[in-house]
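Please view the model alongside the text.

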Amino acid sequence: MANKPRTVLTYGTFDLFHVGHVRLLERLSALGDRLVVGCSSDEFNAIKGKTCVMPYEDRATILRACRFVDDVFPECSWDQKPLDVQRLEADIFAMGSDWTGKFDELSAYCEVVYLPRTDGVSTTKLKNIVVERSAAPKGASERRAARA
Ligand code: C2G
């Protein structure tokens, strides 16, 4: 079909949505005409050993609100990717560089691309900052605010 949209497919948890996620989605959307995201379900994250701050519905809602994203669906298992690539007629499968080489077998179905991650930001890092700051001794104004 001559005018089939060039489809880019990616996956992720996207918890505590941050600038690293935005920059990746922006670069992925520039690779094609539509960007489709498999967002990890809460059950699948448990399998991945990840505990999210935000539930699936909220993470998917935020992704749908991102202007670089055209569609979002739940990622529920490691082995659904070949079926997703065929179902979505994806031309490109792409992930951040922390997954380099992990999904090369998908090159049997489409182009496989790994893009450099954004340094200096991650969900884990954000979580640690919040924990550190909430544990830090509060200043006078904060103590007053907390008592209010
Ligand atoms: N990412 C990035 N720069 C960062 C942090 C993340 O480019 N500073 C990218 C990751 O490389 C990934 C995407 O953002 O491609 C989403 O990252 P996570 O939410 O951490 O996703 P992850 O838990 O790695 O899930 O089946 C694959 C998994 O669903 C991937």
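## Basis and surface

Accessible areas come from the Shrake-Rupley method with a 1.4 Å probe, and for residues only the protein chains shown count as cover. On this basis the chain exposes about 8,700 Å², of which carbon and sulfur atoms supply 55%. Of its 148 residues, 39% count as buried, a term that means under 20% relative accessible area, with exposed meaning over 50% and partly exposed in between (1.4 Å probe, protein chains only).

The model is predicted: local features need pLDDT of at least 70, side-chain atom pairs count only at pLDDT 80 or more, and totals for chains, interfaces and linings use all residues. Residues are numbered from 1 along each chain as its sequence is written, and side-chain values use heavy atoms, with hydrogens and water left out.

## Fold

The chain has six helices and five strands; these are DSSP runs, numbered from the N terminus (helices: H or I, at least four residues; strands: E, at least two). Their order along the sequence is β-α-β-α-α-β-α-β-β-α-α. The C-alpha trace spans about 65 × 30 × 25 Å along its principal axes.

With a contact defined as heavy atoms within 4.5 Å, residues 24 or more positions apart account for 64% of the contacts with a separation of 6 or more.

## Annotated domain

An unreviewed UniProt entry carries the annotation "domain: Cytidyltransferase-like" for residues 9-127. UniProt positions are given in the numbering used here, feature names are shortened, and annotations may be inferred rather than shown by experiment. Over residues 9-127 the chain is 33% helix and 22% strand, and the end C-alpha atoms lie 27 Å apart.

## Salt bridges

A salt bridge here is a side-chain nitrogen of Lys or Arg within 4 Å of a carboxyl oxygen of Asp or Glu. The count by this rule is six. One of them joins E111 and R6, at 3.3 Å from N to O. E111 belongs to strand 5 (residues 111-115) and R6 to the segment before strand 1 (7-12), so this pair ties together parts 105 residues apart in sequence. Both side chains belong to partly exposed residues: E111 has 41% relative accessibility, and R6 has 35%.

A second pair, D42 and R59, meets at 2.7 Å, N to O. It links helix 2 (residues 42-47), which holds D42, to helix 3 (residues 56-65), which holds R59, 17 residues away. D42 is partly exposed at 32%, whereas R59 is buried at 0%.

R87 and D84 form another salt bridge, at 3.0 Å from N to O. Both lie in helix 4 (residues 81-87), three residues apart, about one turn of the helix. D84 is buried, with a relative accessible area of 5%.
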